[in-house]
Amino acid sequence: MLIKHPGLMIVTLALGYGFLPLPAAADEVRLKNGDVLTGEIVKKETGVLIFKTSYAGQIAIQWTEIETLTSDKPVHIILTDNSNLRGPLVETTEPASAKIKLSQAEGQPEKEDENEDKNEREFDLLKTRYINPTPDLSGEGVRWSGNINAGATLTQGNTEASLLRFDAETIARTQHNRYTVGGIFNRAQDHGRDTQSNTRGYGKYDHFLTPQWYAYANATGENDRFRDLRLRTTAGAGSGYQVFETPNLNLAIEGGLNYITQDYYVAKDQNYPGARWAIKYDQLIFKSSTKLFHEHEVLIGLEDTSHILLTSKTGLRFPFLFNFNATTQFNYNWDSAPSPGRQKADSALLFTLGYGW
């Protein structure tokens, strides 16, 4: 269409350009080798920056390889001196540094243009502890995690058997504290006769003295009719070291003292002090959300070191829809001095469905 009126042509061109797509705003990471990446800063909680790109999804960049970075949106930064900074990252000419334009909550009220630099702060990248940390790392809230798993079978006809398995664990993590509560229930019948009946509950409190060292208090209680256990309780305290604590890898090692009380249906009751050793480990493998996990706890009697109790579980957890998952797990328990007529070892291979958060 030919537009003859000059004024109308100017308006038409302006409207046309107004509908053209504008370049999308993006964060930028400049590496020491000169490469420049654009995308979105997700977080930094360890020695890597998680950066989201449109062409490769989320990638991990070694923090020590970053020259400088900028952001279009405000980010939350915690430095090694526990300073909290909030605002968009702006360009700086100094290598291995970053400049942040402070948000109103963190900086001074807006000034005239000539005083604008008072609302900015430059800092050393090597002194950056976290970027966009979770509430527990920032000290501003609680991070909840956990899982619920269940398995069941029911057979009728020539074979009449049923089995029900249920376990759950939840963890509340703050900056200096961690609370763990869990429980296990197993029940099996064959022609109306119990063939398995046991329950176990546990709780633990960890107080972090440093980012890795912590003191803990723990308690457990369990019942197993087929091991002649009316009630076994343990309670104690000790210290632990959090070797890793990331979304992809967790490893904690603990040692301390516990007091064990064993109330039997038939055998003579026992009470004794013991030394405790425990490991808790999980890791995402195969570059996916498949989780490998292993936990074990060993109690050694201090009055009779030949009396040893071991509980352990090892398995794989596969995600399949939203937060639902399937788990295959091997449990192994060992009692060096069981009730008369009972076996020392108990093992079980489990397949369950569950939900995690």
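I take buried to mean under 20% relative accessible area, exposed over 50%, and partly exposed in between (1.4 Å probe, protein chains only). The model is predicted, so local features need pLDDT of at least 70 and side-chain atom pairs count only at pLDDT 80 or more, while totals for chains, interfaces and linings use all residues. Residues are numbered from 1 along each chain as its sequence is written, and side-chain values use heavy atoms, with hydrogens and water left out.

**Entry 1: the whole chain**

I looked up the elements and found two helices and 23 strands. Helices (H or I, at least four residues) and strands (E, at least two) are DSSP runs, numbered from the N terminus. The chain has 357 residues, and 35% of them are buried. I noted an accessible surface of about 20900 Å² for the chain, with 58% of it belonging to carbon and sulfur atoms; the areas come from the Shrake-Rupley method with a 1.4 Å probe, and for residues only the protein chains shown count as cover. I also looked at contacts (heavy atoms within 4.5 Å). Of those with a separation of 6 or more, 46% are between residues 24 or more positions apart.

**Entry 2: the largest nonpolar core**

A nonpolar core is a set of buried Ala, Val, Leu, Ile, Met, Phe, Trp, Tyr and Cys residues joined through side-chain atoms within 4.5 Å. The largest one here has 21 residues, and Leu49, Ile66, Leu69, Ile77 and Leu89 have the most contacts inside it. Two or more residues each come from strands E1 (27-31), E2 (36-44), E3 (48-53), E5 (66-70), E6 (75-79) and E9 (97-101). The largest share, three residues, is from E6. I then followed leucine 89: leaving aside neighbours within four places in sequence, its contacts include Ile41, Leu69, Ile77, Ala98 and Phe123.

Two strands pair if DSSP finds at least two bridges between them. I found an open sheet of three strands in the order E8-E9-E10, with antiparallel pairing. Its edge strands, E8 (89-90) and E10 (120-124), each pair on one side only. Five bridges join E9 to E10, and alanine 98 has phenylalanine 123 in E10 as its bridge partner.

**Entry 3: glutamate 45**

Is glutamate 45 buried or exposed? Glutamate 45 counts as buried because its relative accessibility is 17%. I located glutamate 45 in the loop between E2 and E3. Its side chain reaches the backbone nitrogen of threonine 134 at 3.4 Å. Beyond four places in sequence, the contacts of glutamate 45 are Tyr130, Asn132, Pro133, Thr134, Leu137 and Pro247.

E21 (residues 308-321) and E22 run antiparallel and are joined by 12 bridges. Arginine 317 stands opposite threonine 327 in E22. The two strands form a hairpin with two residues between them, and phenylalanine 322 in the turn has a positive phi of about 50°. E22 also pairs with E23, in the antiparallel sense, over 11 bridges. There I found asparagine 331 opposite alanine 348 in E23.

**Entry 4: alanine 337**

Alanine 337 is in the loop between E22 (324-335) and E23 (345-356). Alanine 337 counts as partly exposed because its relative accessible area is 28%. Not counting residues up to four places away in sequence, alanine 337 touches Tyr264 and His307. The C-alpha atoms of alanine 337 and leucine 309 are separated by 8.6 Å, with the two residues 28 apart along the chain.

Notes: A polar contact is a pair of N or O atoms within 3.5 Å; within protein, one must be able to donate a hydrogen and the other to accept it, and residues adjacent in sequence count only if both atoms are side-chain atoms.
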